Structures are given as structure tokens and as C-alpha cells.
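This report goes through selected local features of a two-chain model. Please keep the sequence and the structure open while reading.

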Amino acid sequence: MRHFFLLLILPLTLLAHMSIAVSYPYIGAITKSIGGEHIDTVVLAKGNWDPHFVIPRPSLIAKMRSADALIMNGAQLEIGWLPPLINRAANPKTQPNAKSFLNLSQHIELIHKPKDVDRSGGDVHPDGNPHFHLAPENILILAKTIEEFLISLDVEHKEVYEKNYAAFHIEWSKNIELWKNKMAKHEGQKVIQFHDNLAYFNNAYGLKTIGTIEPLPGIPPSSKHTIELIKLINEQKPSCILHDVYHSTKTAEFISEKTGVKIILMPHDIGSLESTQDLKSLFDYLTGALQ
Amino acid sequence: MKKILLATALCATLIHAADVLPVEKRTFDQSKYIPDISLVMDASYVSRSVSDDEVVHLEVPGVAHGLIGSHEHGGETHATYNADNGFNLNYAELVLSSSVDPFFTMDGVFHFSPNGVHVEELFFTSTALGNGLRAKGGKFNSNFGYLNEQHHHAWDFADMPLVYEAFLGMHGLNEVGAQIQWTAPTPFYLMAGVEVLQGENEQMFGNNTIHLSELNASNADVTYEKAPSMFVGYVKTSFDIEDTTVLAGLSYIQGSSRIDHTEDEEEPHAFSGDSKLYGADLVIKHAFDSYSSLKWQNELLYRDMDGIQYGINTATGFAGSIDITKKQAGLYSQLIYAIDRNYKVGVRYDSIFKNDIEKSAGEAAFAPHDLDKYSVMAEYSTSEFARFRLQYDRNNAMFNEEGNRQSIDTIILQANISIGAHGAHSF
């Protein structure tokens with residue numbers, strides 16, 4: 001009889017590692033680095049699409065339903081797609097304010113918090129710019145946050161998570177130095193963006209965004225704004241247009257044609273481009289993109 | 001003068017007090033607990049080839065009457081959306097939602113229209129059951145089929161598909177009751193749900209006594225059916241193939257019917273019996289990128305109503321009765337192309353293709369089988385919060401009292417605007 005029980009329990013213990021649902025690929029990568037073999041990550045959004053607009057496919061409900069924890073970016077980046085999934089999955093472990101729910105934005109000091117929040121100013125994020133993971137220093141803070149989160153859920157493997165975090169910290173810190181050296185020559189450069197999703201990256205390396213192709217956050221380009229932008233580019237001579245991978249580059253190409261300013265595609269997450277398949281290659285690419 | 005001075009002084013003190021005490025420092029401030037609030041308005045300009053007076057008398061023979069326009073029923077005015085030629089203020093919808101405690105959330109949807117205020121939805125939903133279980137109680141849109149649970153402002157056309165409106169009325173399956181859904185622990189989406197509902201749908205279900213004896217003392221009343229009298233079950237599944245999502249579902253309802261049209265001016269009648277409604281839905285959505293997609297949405301409804309029909313003699317109030325069975329089916333199929341974040345275009349085909357009515361006596365029912373409707377639409381959204389839609393449809397399903405088909409051409413220019421909390425829709 002005892003053998004029978006052992007046989008029953010054995011497969012359960014083999015599967016006992018935690019399944020952690022995460023909203024974006026970059027969160028999955030950090031979580032995997034810290035959690036190692038003790039966790040499985042389930043990434044909900046795709047890295048090559050607009051993080052603001054994710055189709056709440058029912059298959060994501062199935063993924064959330066069985067998750068042991070949920071880690072999200074927060075700062076309202078997921079406001080348009082995650083709430084109905086949380087609601088439908090009805091998983092107590094993925095409910096906001098559950099012990100196993102982590103909102104990363106609460107652990108980062110957000111920049112560009114608007115003084116006035118009003119939709120006449122476009123689709124503003126009231127808590128500040130939510131694209132904080134594109135500053136390499138912030139990745140360390142997020143990794144530390146996730147380490148503490150994993151320990152709080154699974155204290156049994158505390159040492160493993162601490163060890164993995166320590167290793168990640170050493171490796172990442174080295175990279176930060178490399179990237180800093182690589183980017184030093186670009187300090188002070190003026191750039192144009194489509195949407196200000198490189199705010200933290202630009203902050204980290206002293207790049208200055210002087211204008212965006214969208215007239216207001218979330219509002220598609222207008223001809224009036226484009227003409228004004230061309231005028232601004234001619235006056236201020238920015239070095240390039242840093243463009244995300246998910247908006248059409250049509251307007252950027254038009255501006256580039258008129259002004260001679262080149263367009264550089266900037267991936268925002270793992271999987272945005274073929275060559276950015278992990279966290280390190282994402283930042284390698286970003287820091288090497290400006291010539 | 002003294003009063004004015006006093007009032008001014010009071011105001012000044014109040015304003016000053018407000019300066020001194022910012023919201024977050026008020027001792028018993030509860031503003032952080034304000035639920036998410038949003039307000040949705042829907043208004044339209046309508047141009048219809050048939051006059052408002054005529055359109056209310058048109059019917060889908062053997063299926064439904066009074067579908068378009070506004071009509072009186074039970075002392076209340078009912079109006080479909082876009083009821084009149086010219087401008088229509090269809091509704092303002094006030095939505096409030098918040099978590100209640102660690103175990104429930106609550107949602108309220110209040111529907112304000114020129115005909116009054118209705119509680120469209122008011123329900124609590126469990127969040128703590130786990131194991132894929134979710135329970136809901138209150139008044140809500142049934143999760144039968146695909147479209148039924150969605151609110152009007154989430155639809156891709158300004159009006160309901162013909163078969164839905166004809167079988168279930170303009171509110172669809174909107175009932176008081178309880179729902180339990182279970183999501184299976186499978187790698188793909190698999191959900192099963194059951195609902196027990198009060199059962200008071202105006203077109204198909206009901207459980208109240210029909211007081212035929214009030215019309216003529218020799219009539220016997222149609223007895224009531226004990227409520228709740230409507231039972232719903234469904235299974236839904238979904239999977240992805242690359243960037244294409246397939247969602248399919250099968251739904252079933254069974255319930256008692258007590259349809260009281262004894263006060264109608266034209267051909268007053270009543271129906272009592274049992275009804276079954278079967279639904280199959282299939283939605284396939286392919287996403288080209290973050291903003292562009294193609295969505296093919298289909299639903300098939302089949303109903304089987306079996307009971308007694310009472311015809312009321314308008315002069316004497318005497319109710320004659322016959323056995324009647326109705327086996328009717330219809331479908332809609334629509335294709336929506338989202339070009340980018342601002343533009344969408346779509347086509348829809350509606351059909352009621354089965355309309356079999358058997359009577360135990362009297363002349364055969366007039367029940368044509370070729371009832372259809374064609375719609376096209378184009379919409380422009382300035383943002384997620386404001387949408388303008390131009391729709392044209394040709395409806396070949398409506399007949400006048402003489403049994404002649406009256407094709408209706410309708411142009412609808414619709415404005416749907418919302419403010420407040422960001423609404424996130426399910427798939």
C-alpha cells in the first residue's frame with residue numbers, strides 16, 4: 001500500500017516546481033535567471049508586438065488558470081488586456097494583492113509622471129512612463145525584486161535563488177560597464193522617437209528625446225504634427241529616429257526622406273527582432289544600434 | 001445684503017478649509033475606495049426607407065413582431081436601438097466596478113435611455129474559489145453563445161444579428177440568476193458553464209400566469225411555471241495556430257415559455273409551453289500585427305418551441321387554443337477587417353433559413369423560409385474611447401400585415417463615446 005502511495009506522489013513531486021505567469025518576455029527571462037530549474041515561466045505577451053495592445057486570447061486564460069503566481073510590469077501598461085484575463089481565469093493566486101502577485105512598477109522609481117492626467121493629452125500613463133525595463137540598472141532592481149518574491153513563495157529554495165541572483169548580479173554588472181563604455185560617445189545626442197518607450201534607456205545614456213512622431217501618446221501621426229516635426233528636425237539636427245518595431249515606419253520614412261535623418265529600429269523586448277533572443281542580446285543590440 | 005456677505009464669508013472659509021486639508025489628509029477620507037467608473041454614450045442618425053409608423057407594424061412571420069422601432073408592452077415603451085428616423089439618443093451606460101473584499105468583485109451596469117433607467121447588469125463574481133471555478137450571481141448577460149455576453153458598444157455593428165433579435169429580443173439573454181463556470185486544467189482553453197436563470201425573456205421564455213380569464217370569464221388562466229425556469233449550459237474551447245485564434249462553443253438552453261401578447265392591438269395572442277434553444281459559435285481571428293486583424297464570427301441558433309397557442313377574439317375576449325410546434329433556425333456570419341488602430345470595415349450576412357410551424361388545427365401558418373439581411377459597415381475611431389460608424393443594411397426579413405415582404409434599407413451613422421475607466425474587453 002505504501003508503495004502505491006509513493007508511486008502516486010512521485011510524479012507530483014517531480015512536477016512540484018512553480019509555474020509563474022509573466023506578462024512580457026523580459027520578465028520571463030529575469031524570472032528564469034533567478035528561479036532556474038525550480039520554476040517554469042509562462043509568457044503571456046509576444047515580444048514583437050505593441051505591449052499596450054495584446055489580444056486577450058482565451059488560450060491565455062488557460063495559462064493563467066494553472067499559474068502559481070503572476071508577475072506583471074504594471075504602471076498601467078497591461079490595463080487594456082490583463083484585467084479580463086485575471087477575471088476569467090478566476091485563479092486566487094493571480095488576483096491583484098494576492099501574495100503571489102507581483103507588480104514590478106511598484107519597485108521602480110517611475111519618471112515622467114504627468115502633473116495633469118487628462119485624455120485630451122492622449123493615452124497618458126498616470127503613474128509615469130511604464131517602459132522602465134530598458135535601463136540596464138533597473139534590470140538589477142527588478143532581478144532583486146523577483147529574487148525576494150520567489151523566496152517569499154518558496155522559502156525552501158531560498159539559497160538557490162540567492163545564489164542565482166548573485167551570479168546574475170555579477171554578470172549583469174559587468175555588462176553594464178561594457179554598455180556604458182559603448183554608449184559613452186553618444187552622450188548628449190538628440191533623438192526622435194515614435195512613442196517615448198526608450199525614456200529610461202535614453203536617461204541612462206544621456207540621449208535626449210526632442211520629439212515624437214505620434215503627436216500625443218497613443219494618438220497616430222497627423223500630417224500637421226509631421227510637418228512641425230520636420231521643421232524641428234531641421235532646426236535641432238537630431239542624430240537619428242529611434243523607432244519601435246511594432247508601429248509602421250511609413251511616417252518615419254517620409255520624415256527621413258525630407259530631412260536625411262536616419263531611422264534606427266530599436267527592439268523593446270526579447271523577441272522583438274530575430275537577433276534579440278535573450279536579455280543580454282537585447283541590450284547588446286540596443287547599445288550597438290546607434291553608430 | 002447681510003445674507004450675501006455671510007454666504008460669501010462661508011464660501012471663503014470653505015475654500016480656505018479645502019486649501020488647508022488636501023484630500024489625502026482628511027481623517028475619514030474614503031476617496032481611494034471609489035470604484036472604477038465609466039460612462040458610455042451611444043447616439044445615431046438613422047435614415048430608413050420605411051416610415052417610423054409603418055416599421056413598427058412589420059414582423060418576421062412566425063418568428064417575431066415589432067422588431068424595429070418602438071412599441072408599448074405591459075405599459076412600458078420599448079425601443080430598439082436606432083428606433084427612429086433622424087437622430088436617436090440610444091443610451092448612456094454607467095458602469096461601476098470594484099473588488100468587494102478578498103473574495104468577490106462587483107459590477108454594475110446602468111442603462112439610461114429616453115424610456116427610463118434599467119439595471120442592465122448587477123452582479124458579484126467570486127475570485128477565491130480556485131481550481132478554475134468561478135461563480136457569479138445577480139443580473140447579467142448569459143454567456144450563451146458568443147455575442148450575448150458582450151455589451152452593445154463592443155459589437156461590430158450598430159444592431160443585433162437578425163436571428164438573435166428575432167429569437168431573443170433586443171436585450172438578448174439578460175436575466176437574474178446564478179452562473180458557475182469551470183476552466184479545465186488543459187494546455188488549450190476549455191471552459192464549461194451552467195446557469196440557472198429566472199427565465200423572463202420577452203420573445204421566447206417566461207413563467208408568469210397568463211390571465212386569460214380576465215378577457216372572458218369562460219377562459220381558463222394559463223398557470224405559471226415555478227421560477228427559476230431557465231437552464232443554460234455551454235462548452236467553449238479555444239486554441240491558437242501561430243497568430244490565428246480559434247474559439248468555438250456549443251450552448252443549450254431549456255426553459256418554460258409564457259408569452260403574453262393578449263394586449264396587442266393586432267391579433268392578440270399568447271403562448272405557453274416549453275422551449276429549447278441550441279447555439280453553435282465559431283470565431284476565427286487572425287492578427288497581422290498589433291493593430292491589424294481579420295475576424296470571422298459565426299453563430300447558428302436553432303430553437304424548438306412546443307406548446308399551446310391561444311388566439312384571442314378581439315370582440316369577445318374568448319381564447320381559442322391549438323397545439324403548436326415551432327422549429328426555427330438562423331445564423332449570422334460576419335467578417336471584420338481592422339485595417340489599423342483607426343479604421344475597421346466589415347460585412348455581415350444574416351439569415352433565418354428554417355421556419356417550420358406545425359399547428360393542430362386552423363389554417364397553416366404563414367412562415368417563409370427565406371428571411372435574410374445584408375449589412376456593411378465602416379468605422380473610424382479617433383482613439384480607443386471614441387468611435388464613429390457608418391452602416392448600411394438591407395433587411396429582407398420583414399413583412400407587413402398583408403403578408404407582403406417589405407425590404408428595408410437603413411443607413412445608420414453611429415457615435416459611440418466613452419469616458420472614465422479604461423474598458424478592457426475579453427476576446
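## Helix H4 of chain A

In H4(A), the buried residues are Leu82(A), Pro84(A), Leu85(A), Ile86(A), Arg88(A) and Ala89(A). Buried here means under 20% relative accessible area, exposed means over 50%, and partly exposed lies in between (1.4 Å probe, protein chains only). The helix spans residues 82–89 and is mostly covered, with 6 of its 8 residues buried. Helices (H or I, at least four residues) and strands (E, at least two) are DSSP runs, numbered from the N terminus. The cover over the buried residues of H4(A) includes helix H3 (58–65), S3 and strand S4 (101–103) of chain A, together with S9 and strand S10 (174–183) of chain B. Contact means heavy atoms within 4.5 Å. After H4(A) comes Ala90(A), with a positive phi near 50 degrees.

## Basis of the model

This is a predicted model, in which local features need pLDDT of at least 70 and side-chain atom pairs count only at pLDDT 80 or more, while totals for chains, interfaces and linings use all residues. Residues are numbered from 1 along each chain as its sequence is written, chains are lettered from A and ligands numbered from 1 in the order in which they are written, and side-chain values use heavy atoms, with hydrogens and water left out.

## Helix H2 of chain A

Helix H2 (residues 25–35) of chain A has 8 of its 11 residues buried, so it is largely enclosed by the rest of the structure. The buried residues are Pro25(A), Tyr26(A), Ile27(A), Gly28(A), Ile30(A), Thr31(A), Ile34(A) and Gly35(A). Gly36(A) follows H2(A) and has a positive phi, near 55 degrees.

## Phe194(A)

Phe194(A) sits in the loop between strand S5 (190–193) and helix H7 (199–205) of chain A. Phe194(A) is buried, with a relative accessible area of 4%. Leaving out residues up to four places away in sequence, Phe194(A) touches Thr212(A), Ile213(A), Glu214(A), Pro221(A), Leu242(A), His243(A), Asp244(A), His247(A) and Ser248(A). From Phe194(A) to Lys280(A) is 86 residues in sequence and 24 Å in space, C-alpha to C-alpha.

## Salt bridges

Over all chains, the structure holds 21 salt bridges. A salt bridge is a side-chain nitrogen of Lys or Arg within 4 Å of a carboxyl oxygen of Asp or Glu. In chain A, the side chains of Glu177(A) and Lys180(A) form one of these (3.9 Å, N to O). The two residues are 3 apart in helix H6 of chain A, about one helical turn. An α-helix has 3.6 residues a turn, so residues three or four places apart point the same way. Glu177(A) is partly exposed at 42% relative accessibility, and Lys180(A) is partly exposed at 40%.

In chain B, Glu149(B) and Lys136(B) form a salt bridge, with 3.9 Å between the closest N and O atoms. Glu149(B) lies in the loop between strand S9 (133–141) and helix H3 (162–168) of chain B and Lys136(B) in strand S9, so the pair ties together parts that are 13 residues apart in sequence. Both Glu149(B) and Lys136(B) are buried. Lys354(B) pairs with Asp356(B), the closest N and O atoms being 2.9 Å apart. Lys354(B) is partly exposed at 25% relative accessibility, and Asp356(B) is partly exposed at 31%. Asp156(B), Lys344(B), Glu379(B) and Arg389(B) are joined into one network by salt bridges that share partners.

## Backbone geometry

Most residues other than glycine have a negative phi, and most peptide bonds are trans. Asn97(A), in the loop between H4 and S4 of chain A, has a positive phi near 80 degrees. Asn97(A) is exposed at 78% relative accessibility. Glu242(B), in the loop between S12 and strand S13 (244–261) of chain B, has a positive phi of about 55 degrees. Glu242(B) is exposed at 72% relative accessibility.

The peptide bond between Ala227(B) and Pro228(B) is cis, with omega about -5 degrees. Pro228(B) belongs to the loop between strand S11 (189–197) and strand S12 (230–241) of chain B.
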